[in-house]
Amino acid sequence: MLLAMIVKNDSLKINSNKNFEIIDITSQITEKILIKDGIVNIFSKHSTSAILVNENEEGLLRDLELILNDMISDNYSYEHDMIDNNAKSHLKSFILSSSETIPIKNSKLDLGIWQSVFFVELDGPRNNRIVDLTFMGEK
């Protein structure tokens, strides 16, 4: 039996409340799944944010903020700050990722037992951040 491959697009709008915020978007993505088996690509359309997959453990999430602030500190005068004063946010985004691709099996994200999908706000608070979802697979 030949199954047809489909591609479906959707998006999430995300609001953040802090300058740095890690928002678990796993359940929002799960609600949008339109295929039985395949993949979903999750892409942030903003250069001061990131998409990550990891464990949703409070201490680990605080550690991420700590290490990013350590790596990209206030001890430097960044050239990009002359434009819009958010060089640190852009630099943090450079070392993270703007997208993740995750398998879908039986209409569910095929994540590891402790894994979640996160939108990482690096320049908030912001309203209506757009995350594109592209589902590819079999219906």
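At 11% relative accessibility, D123 counts as buried, where buried means under 20% relative accessible area, exposed over 50%, and partly exposed in between (1.4 Å probe, protein chains only). D123 forms a salt bridge with R126, with the closest N and O atoms 2.6 Å apart, a salt bridge being a side-chain nitrogen of Lys or Arg within 4 Å of a carboxyl oxygen of Asp or Glu; R126 itself is partly exposed at 33%. The model is a predicted one, in which local features need pLDDT of at least 70 and side-chain atom pairs count only at pLDDT 80 or more, whereas totals for chains, interfaces and linings use all residues. Residues are numbered from 1 along each chain as its sequence is written, and side-chain values use heavy atoms, with hydrogens and water left out.

The structure holds 8 salt bridges, among them the one between D74 and K88, whose closest N and O atoms are 2.6 Å apart. D74 lies in the loop between helix 2 and helix 3 (81-84) and K88 in helix 4, so the pair ties together parts that are 14 residues apart in sequence; helices (H or I, at least four residues) and strands (E, at least two) are DSSP runs, numbered from the N terminus. D74 is exposed, with a relative accessible area of 61%, while K88 is partly exposed at 24%.

An open sheet is formed by 5 strands in the order 1-8-3-5-6, with antiparallel pairing, two strands being paired if DSSP finds at least two bridges between them. Strand 1 (5-14) and strand 6 (108-109) stand at the edges, each with a single partner strand, so one side of each has no neighbour in the sheet.
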